[in-house]
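Student: I would like to go through this protein with you, from its overall build to its charged side chains. Could we take it one question at a time?

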Amino acid sequence: MKILQINKYFEPDKGGIESVSKMIDLHLDQSKFKITNLCFGKENKAYEEKPRIKRFSSKKIFSQPLSIKYLFYIFRNLNKFDYVILHLPNILGMLPMLLLKKKFAIYWHADIVQTNEFLRKLFFPIEKLVISKADKVIFATEGHIRGSLHNFKNVRKMILPYTINNEKRANKTYAQKRDKKTDIINVIFIGRLVEYKGIKFLLDAFPEQGFRLDIIGSGELEDEVNIKIQSRKNIYLHKNINDEDLEGFFLKSDLLVLPSINKKEMFGIVQIEAFARGIPVISSKIENSGVPIVNSNKNTGFLVKPKCVSDLKNKLLDFKNNQHYFKKEIIRSEYDKKYSNNTFKKNISDIINV
């Protein structure tokens, strides 16, 4: 079966949706499925074609990538494929689906409204029509369904939780970690330094003593973060960390914090990155999001109120006093049951064949 996967971006570009696209590419049985990945490239980047990746130079308007060649490729080649997987939101990618008569699946990651209000109003009716034409709509969690402005009542819905692309490295780190009570709690934050990630609330809540925080990431709030941590002796910012060094941070960490503040964070793949290594998580209880579904309160970690500095600080202190409660084997078992590569591989194959 020949499959076309329509993405915004693909590796080496980083991001949650990009990671999911790569997961599908890796875990579909190559003896049964021949997959082509269509994606945008960076502005002024030359057209690139590889056996399984077709990348088109693009420009951004209202934060959305645009490429005429990308659009023309879809129109010209749709009928050459047996099945299409469309990742949304992707305004340009969904337009050809209006004319497609073959079966296709939508992998629903978020509403356009979570990116741009103007674009939502403009394209909401088209998005609604594309949804009605889909053979099935795939969601990572039930929270993605509840959190959407769309009504998916009359479409076939399927749940396919994400997995991670570096399970072998995670396995090695998990095997090396030991449950132990430490005087200093090593905390990590991994993500872009942007408003919705809630990094400012974490900095305000982070205790002065008994904890160390390693912030791994970069972004538009980088200067503000640097100013805030200048007077702190237990908070450190790290940029341009490679995979090997990142694994070192996972190895020494006792806790990961994901303090995101709204539905722009619909899953938080970094949570299952932590689970795979036996690391508990403190994350925000974002209403109608998948984040609190992934992190089971008092089982794999703690949930906190979004934007609530006092609640986050109290949960950090609670963890320090009760760290022995969170066993790495219990946390890893949550990953193995729901998010492992084997689980994802079986589920994606079943979904395509339904």
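**Fold, burial and charge pairs**

Tutor: K34 counts as exposed because its relative accessibility is 58%, where exposed means over 50% relative accessible area, buried under 20% and partly exposed in between (1.4 Å probe, protein chains only). This is a predicted model, in which local features need pLDDT of at least 70 and side-chain atom pairs count only at pLDDT 80 or more, while totals for chains, interfaces and linings use all residues. Residues are numbered from 1 along each chain as its sequence is written, and side-chain values use heavy atoms, with hydrogens and water left out.

Student: In which strand does K34 lie?

Tutor: Helices (H or I, at least four residues) and strands (E, at least two) are DSSP runs, numbered from the N terminus. On that numbering, the strand that holds K34 covers residues 34-40 and is β2.

Student: How many helices and strands does the protein have, and what is its radius of gyration?

Tutor: The secondary structure comes to 14 helices and 16 strands. Taken over C-alpha atoms, the radius of gyration is compared with the globule rule, 2.2 Å times the number of residues to the power 0.38. For 354 residues that rule gives 20 Å, and the protein is as compact as a globular protein of that length because its own value is close to this, at 21 Å.

Student: Is D135 buried or exposed?

Tutor: D135 lies in the loop between α4 and β9 (136-139). Its relative accessibility is 15%, and therefore D135 counts as buried.

Student: Which residue forms a salt bridge with D135?

Tutor: A salt bridge here is a side-chain nitrogen of Lys or Arg within 4 Å of a carboxyl oxygen of Asp or Glu. For D135, the closest N and O atoms of the pair are 2.9 Å apart, and the partner is R156. The pair links distant parts of the chain, 21 residues apart, with D135 in the loop between α4 and β9 and R156 in the loop between α5 (142-146) and β10 (157-159). With a relative accessible area of 35%, the residue that counts as partly exposed is R156.

Student: What separates K22 and D25 in helix α1?

Tutor: The side chains of K22 and D25 meet in a salt bridge (3.9 Å, N to O), and both K22 and D25 are buried. Because they are 3 residues apart in helix α1 (residues 16-27), the separation is about one helical turn.

Student: How many salt bridges does the count come to?

Tutor: Among them are those that link R169, D243, E247, E273 and R277 in a network. By the rule already given, the count comes to 21 salt bridges.
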